[in-house]
Amino acid sequence: MEHLRGTNVMFAIVMALLVVQSSTRPQPDEPDDIKKTLYNACSEKFPLTEEIKNNVKNSMVIDDQNFKCFLRCCFDEMSLIDEDGIIDGESLAAMAVDKIKPVAEKIVHDCLPAGKQEKQDGCEAAFKFFSCGMKLNPLTIELLPLQ
């Protein structure tokens with residue numbers, strides 16, 4: 001009887017954790033909504049041609065000023081870059097959805113060495129970070145709000 005009581009308590013704890021975890025997870029459409037909002041805000045300021053979007057979606061990094069500043073705008077809209085072009089990698093990794101979190105953490109670790117970011121143009125900083133990420137893992141594209 002004692003064993004059954006312990007099993008019931010354990011079952012109740014596991015169920016409670018599952019309920020709490022599922023209620024705090026973002027709904028599947030939230031990341032897509034955020035990406036759409038980012039895309040709309042930044043593409044108005046820095047329009048991307050279909051060619052650029054298609055090339056990037058096919059893992060070809062394009063050295064284009066509008067694309068670079070589009071990336072910076074996305075970081076800026078999410079409060080992930082400051083006026084000195086320093087990217088907040090910890091926050092970026094924390095914001096990544098479960099599916100892409102390990103990729104984001106690796107990119108932050110490898111492309112933004114702690115304490116070694118130098119003041120630079122935000123468009124260039126965003127582009128260098130994205131380019132580095134794409135070289136490490138093509139899934140980096142999942143972080144971008146491309147439509």
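This is a predicted model: local features need pLDDT of at least 70, side-chain atom pairs count only at pLDDT 80 or more; totals for chains, interfaces and linings use all residues.
Me: Why is the pair of F67 and F127 called edge-to-face?

Reply: The ring centres of F67 and F127 lie 6.4 Å apart, and rings count as a pair if their centres lie within 6.5 Å; the planes stand at 85°, and because an angle over 60 degrees counts as edge-to-face, the pair takes that name. A search of the whole structure finds four aromatic pairs, and this is one of them.

Me: What makes this pair a tie between parts that are apart in sequence?

Reply: F67 belongs to helix 4, whereas F127 belongs to helix 7 (residues 122–136), so the pair ties together parts that are 60 residues apart in sequence. Both F67 and F127 are buried.

Me: How do you know which kind of pair F67 and F130 form?

Reply: For F67 and F130 the distance is 5.7 Å centre to centre, with 75° between the planes; since the limits are within 6.5 Å for pairing and over 60 degrees for edge-to-face, this pair is edge-to-face. It links F67 in helix 4 with F130 in helix 7, 63 residues apart, and ring pairs link F67, F127 and F130 into a cluster.

Me: Why does D88 count as partly exposed?

Reply: The relative accessibility of D88 is 33%, and because buried means under 20% and exposed means over 50%, with partly exposed in between, D88 counts as partly exposed. D88 is found in the loop between helix 4 (65–77) and helix 5 (89–95), and together with D82, E83 and E90 it forms a negative surface patch.

Definitions and conventions. Residues are numbered from 1 along each chain as its sequence is written. Side-chain values use heavy atoms; hydrogens and water are left out. Patches are made of residues with over 30% relative accessible area and no salt bridge: like charges are joined within 9 Å, nonpolar side chains (Val, Leu, Ile, Met, Phe, Trp, Tyr) within 5 Å. Accessible areas come from the Shrake-Rupley method with a 1.4 Å probe; for residues, only the protein chains shown count as cover. A salt bridge is a side-chain nitrogen of Lys or Arg within 4 Å of a carboxyl oxygen of Asp or Glu. Lys and Arg count as positive and Asp and Glu as negative; His and the chain ends are not counted. The place of a charge is taken as NZ of Lys, CZ of Arg, CG of Asp or CD of Glu. Helices (H or I, at least four residues) and strands (E, at least two) are DSSP runs, numbered from the N terminus. Buried means under 20% relative accessible area, exposed over 50%, partly exposed in between (1.4 Å probe, protein chains only). Rings of Phe, Tyr and Trp (its six-membered ring) pair if their centres lie within 6.5 Å; planes under 30 degrees apart count as stacked, over 60 as edge-to-face and the rest as tilted.
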